[in-house]
Amino acid sequence: MRTIAAVTAAALLSMGAVSMAEAGSLGRPCTTAPEAQWLSLEQLKAKAEAQGYTVQKAKLKGACGELYARDATGARTELFVDPASGEIVAAERD
């Protein structure tokens, strides 16, 4: 019985860790393209700014570009960007 409980607890803990890891990258990578095909952070920022965002900070996390920006109304927004194409995959407003 103890073995079953230990295995169940370990499985639940690992599922929670996976869920937390996925939350930071939208549950999936933004691209499957090899890193050699990715645009630079400056190029990613320029593509977002061409769409009306003012980018304040940019970083690559996993296979996603994360841009911290303000939209046209001045609202703070976190953009998740495909680093290979510069396409905005998702956006979260604060």
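This is a predicted model: local features need pLDDT of at least 70, side-chain atom pairs count only at pLDDT 80 or more; totals for chains, interfaces and linings use all residues.
**Burial and surface**

I number residues from 1 along each chain as its sequence is written, and side-chain values use heavy atoms, with hydrogens and water left out.

**Elements and sheet**

I then listed two helices and four strands in the chain, which run α-α-β-β-β-β from the N terminus on; helices (H or I, at least four residues) and strands (E, at least two) are DSSP runs, numbered from the N terminus. The four strands form an open sheet in the order S1-S2-S3-S4, with antiparallel pairing, and two strands pair if DSSP finds at least two bridges between them. At the edges I found strand S1 (54-61) and S4, each of which pairs on one side only. Neighbouring strands of this sheet are turned by 20° against each other on average, direction ignored. Helix H2 (residues 41-50) packs on the sheet and touches S1, S2 and S3, its direction making about 135° with that of S1; such axes are lines fitted to C-alpha atoms, for helices over the stretch in contact, and the angles run from 0 to 180 degrees between N-to-C directions.

Looking at the pairs one by one, I saw that S1 and S2 pair in the antiparallel sense over seven bridges, with Thr54 having Arg70 in S2 as its bridge partner. S1 and S2 form a hairpin with two residues between them, and Gly62 in the turn has a positive phi of about 65°. Strand S2 (residues 64-70) and S3 pair in the antiparallel sense over six bridges, and in this part of the sheet Ala69 stands opposite Thr77 in S3.

**The core**

Which residues make up the largest nonpolar core? I wrote down Leu44, Ala48, Tyr53, Val55, Ala58, Leu67, Ala69, Leu79 and Val81, nine residues in all, a nonpolar core being a set of buried Ala, Val, Leu, Ile, Met, Phe, Trp, Tyr and Cys residues joined through side-chain atoms within 4.5 Å. H2, S1, S2 and S3 each supply at least two residues of this core. Leaving aside neighbours within four places in sequence, I found Ala58 in contact with Leu41, Lys45, Glu66 and Leu67, contact meaning heavy atoms within 4.5 Å.

**The disulfide**

I found one disulfide in the structure, a disulfide being a pair of cysteine sulfur atoms within 2.5 Å, and it joins Cys30 to Cys64 with an S to S distance of 1.7 Å. The pair links distant parts of the chain, with Cys30 in the loop between helix H1 (2-23) and H2 and Cys64 in strand S2, 34 residues apart. The torsion about the S-S bond of Cys30 and Cys64 is about 75°, so the disulfide is right-handed. Cys30 is buried, with a relative accessible area of 10%, and Cys64 counts as buried at 1%.

**Single residues**

Is Asp82 buried or exposed? Asp82 counts as buried because its relative accessibility is 12%, and I placed Asp82 in the loop between strand S3 (76-81) and strand S4 (88-93). Neighbours within four places in sequence left aside, Asp82 is in contact with Cys30, Thr31, Leu44, Glu87 and Val89.

Gln56, found in strand S1, counts as exposed at 52% relative accessibility; beyond neighbours within four places in sequence, Gln56 is in contact with Tyr68, Ala69 and Arg70. Glu35, in the loop between H1 and H2, is exposed with a relative accessible area of 59%, and I noted 8.3 Å between the C-alpha atoms of Glu35 and Ala63, which are 28 residues apart along the chain.

Terms used: Buried means under 20% relative accessible area, exposed over 50%, partly exposed in between (1.4 Å probe, protein chains only).
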